[in-house]
Amino acid sequence: FFHLARIVEAKRPPVLFFENVKNLRSHDGGRTWEVIRSTLEGLRYRVFAQVIDAAHWLPQHRERVIIVGFDTDRFGEWVDFVFPDAPEKKHAIRDILEKQVDPKYTLTNKLWLYLQNYAKKHQEKGNGFGFGLVKLDGVARTLSARYFKDGSEILIPQRGKSPRRLTPRECARLMGFPDELPIVVSDTQAYKQFGNAVCPPVSEAVAKAVIPVLAAYLRENSLLVARK
């Protein structure tokens, strides 16, 4: 973060747009977030933050804190910014599945048995560790960068055989990337990259909420120039 703060101080972009995991605001009793917020405010930015779940745009439960900052040297202390309302459309995991899937994505019987035993062991201990067998009409857990290991957090049920992991293309769709985006790396790298990515539809929605603030600023300054 402090590398970013130095860039902000040197370049002073009109608008800041950061994303991080939900627990950023509660980490270390809230002290981590307080350092981030106070640092940005010390650099003269009006800071807004909100946890947004990508499940409103995609069939994936993915809560992330979105941080937007406006340069008070340009916009002043009062900024009329509001995070976007979540769309009402329902999403389902079946909507992002490919019709033909290579059998290599199906879990081996040995791995599937291991995951079931692992989940049972932890269930008996009273914790929630285990696999995530998705309901096709529901939404998936959060796709993580560790998905390449066994795909256990998001498994697709298959009739008469072990479940399968998502393909890289399905992961791209789950994150909101278009099919036109080429996947030019190995499956392992693709899983890591998509698991670490930011969901484009969420970023787009927030960016659209920023536009009216920028437009108002440009209109006001155009009027000032015209008066001069």
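This note goes through a predicted model of one protein chain, point by point.

1. Overall make-up. The protein chain has eight helices and five strands. Read from the N terminus, its elements follow the order α-β-α-β-β-α-α-α-β-β-α-α-α. Taken along the principal axes, the box filled by the C-alpha atoms is roughly 75 × 40 × 35 Å.

2. The sheet. Three strands make an open sheet in the order β1-β3-β2, and the pairing is antiparallel. As background, strands of a sheet pair through backbone hydrogen bonds, and the pairing can be parallel or antiparallel. Here β1 (15-21) and β2 are the edge strands; each has a single partner strand, so one side of each lacks a neighbour in the sheet. From one strand to the next, the twist averages 20°.

3. The pairing of β2 with β3. These two strands run antiparallel and are joined by nine bridges.

4. Which strands does helix α2 touch? Helix α2, residues 31-42, packs on the sheet and touches β1, β2 and β3. The direction of α2 makes about 140° with that of β2.

5. Helices α6 and α7. A pair of packed helices is described by two values, the angle between the axes and the distance between them. For α6 (residues 168-175) and α7 (residues 187-195), the angle is about 10° and the axes are 9 Å apart. Angles under 35 degrees count as roughly parallel, and α6 and α7 are therefore roughly parallel to each other. On the α6 side the contact is made by Pro168, Cys171, Ala172 and Met175, and on the α7 side by Asp187, Ala190, Tyr191 and Phe194. Sorted by class, this contact has seven nonpolar residues, no polar residues and one charged residue.

6. The largest pocket. The space in this pocket is about 210 Å³. Its lining has 12 residues, and those nearest the centre are Phe75, Val213, Ala216, Tyr217 and Glu220. Which helix gives the largest share of the lining? Helix α8 does, with seven residues. Both α3 (72-75) and α8 (200-227) supply at least two residues each. By class, the lining of the largest pocket has eight nonpolar residues, one polar residue and three charged residues.

7. The cavity. The structure has one cavity of 30 Å³ or more. The volume of the largest cavity is about 60 Å³. Residues that line the largest cavity include Glu19, Asp53, Arg62 and Arg64, along with Ile52, Ala54 and Ile66. Val198, Cys199 and Val202 are also part of this lining. Strands β2 (45-53) and β3 (63-71) each supply at least two of the lining residues. The lining of the largest cavity divides into six nonpolar, no polar and four charged residues.

8. Gly138. Where in the chain is Gly138? Gly138 is in the loop that lies between α4 (109-124) and α5 (147-150). Leaving aside residues up to four places away in sequence, Gly138 touches Pro59, His91, Ala92 and Ile93. Gly138 and Gly69 are 69 residues apart along the chain, and their C-alpha atoms are separated by 34 Å.

Note on methods: Residues numbered from 1 in each chain as written. Predicted model: local features only at pLDDT ≥ 70, side-chain atom pairs only at ≥ 80, totals over all residues. Heavy atoms only, no water. Axes fitted to C-alpha atoms, helices over the stretch in contact; angles between N-to-C directions. Helix = DSSP H or I, 4+ residues; strand = E, 2+ residues; numbered from the N terminus. Parallel < 35°, antiparallel > 145°, perpendicular 65-115°, else oblique. Contact = heavy atoms within 4.5 Å. Nonpolar A, V, L, I, M, F, W, Y, C, P; charged D, E, K, R; others polar. 1 Å grid on protein atoms, 1.4 Å probe; cavity = no way out; pocket = protein on both sides within 12 Å on 5 of 7 lines; lining within 4 Å. Points joined across faces, edges and corners; volume = space filled by probe spheres on them. Pairing = 2+ DSSP bridges.
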